[in-house]
Amino acid sequence: MNLRLIGVAFAVTAGLAPSQTETALRQAFDVASIKPGHMAHAGGEGSGRESVAISPNGVTLNNASLSFCLQWAWNVRFYQVSGPGELTLERYDIVAKAAKPSGKEQLMTMMQALLADRFSVRVHRETRTMPVYELVARPKAPKLRKSTTEQNTGMSVVNGSFVFHRVTMSEFAERLSDFSALDRPVLDKTGLEGVFDITLTSAAIAMRE
C-alpha cells in the first residue's frame, strides 16, 4: 500500500516551513502552557494513556508525546509519523488558548505553529510503500450480528473484552489499527455494508497508549 507519511526533523531554529509561515502568523494561540506530563511521571495503570480535548476556545493535550501531538495537528495516524526517538520518549501536558472562538481546522493550524515554535520541529511529507493487514470476509465464517440498538457508535471494555457498538467495517478496521498488538494499519476489504455490534474476547489485545 502506498501511504502518505509525515517525516519530522528537529531544527536548530524554530519556525515553520515557508509555505506555512503566513498562515501561522494569522492563526496562533493567544497563550500556551507546556509542562512535563504528570501521569507519565506518576507511573502505574494508565500512565501511558494520551488524550486530547478541544473546545472553541482552545486545545488541551494530556500526557501527550510529540508524536501524538503531530498526529492530532496534521490529522494522521501513528503509523504515518516517522522521526527520531524523541517523538515518543517524553510526555507533556499542553493547554493552549485561542484569542477568539475557532474551529477545529484553525486549532490544528495553531497547534502546528506551536509545535514548530516550542519544539523546533519541521515537517515534510513523502509517500512510502508499507505492509498492512487486510480485514476480509470468509464465505463460511460465522455471520456478524447487525446492530439493532440506537446508541452512538463507540467502544467499551466489558469483562476484559472489547465491545464495539454500531460500527461499520471501515470504522472497525480503523479501531483495530489502534491496538498496540498490531504493528501496521488495518484496511477493510470485507465488502460488508451496514453497522454491526462486534465483541473481541482476546485478553492479549490492548489499545495503543
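Trainee: What should I know before I start?
Mentor: The model is predicted: local features need pLDDT of at least 70, side-chain atom pairs count only at pLDDT 80 or more, and totals for chains, interfaces and linings use all residues. Residues are numbered from 1 along each chain as its sequence is written, and side-chain values use heavy atoms, with hydrogens and water left out.

Trainee: How many salt bridges does the structure hold?
Mentor: There are 2. A salt bridge here is a side-chain nitrogen of Lys or Arg within 4 Å of a carboxyl oxygen of Asp or Glu.

Trainee: Which side chain meets D197 in a salt bridge?
Mentor: R145, at 3.7 Å, N to O. This pair links distant parts of the chain, with D197 in strand β13 (residues 196-200) and R145 in strand β9 (residues 145-146), 52 residues apart. Strands (E, at least two residues) and helices (H or I, at least four) are DSSP runs, numbered from the N terminus.

Trainee: Is D197 buried or exposed?
Mentor: Buried, at 12% relative accessibility. R145 is exposed, at 53%. Buried means under 20% relative accessible area, exposed over 50%, partly exposed in between (1.4 Å probe, protein chains only).

Trainee: And the R118 bridge, what is its partner?
Mentor: D117, at 3.8 Å, N to O. R118 is partly exposed, with 42% relative accessibility.

Trainee: Back to β9. What is the strand order in its sheet?
Mentor: The order is β9-β13-β11-β10, an open sheet of 4 strands with antiparallel pairing. Two strands pair if DSSP finds at least two bridges between them. β9 and β13 have 2 bridges. R145 stands opposite D197 there.

Trainee: Which helix lies across β10, β11 and β13?
Mentor: Helix α6 (residues 169-176), running at about 150° to β11 (161-167). Axes are lines fitted to C-alpha atoms, for helices over the stretch in contact (heavy atoms within 4.5 Å). Angles run from 0 to 180 degrees between N-to-C directions.

Trainee: New topic. Why is α3 largely enclosed?
Mentor: In α3 (residues 66-74), 9 of the 9 residues are buried, so the rest of the structure largely encloses this helix. Among them are F68, W72 and W74. Just after α3, N75 takes a positive phi of about 55°.

Trainee: Last one: where does L187 lie?
Mentor: In strand β12 (residues 186-188). L187 is partly exposed, at 23%.
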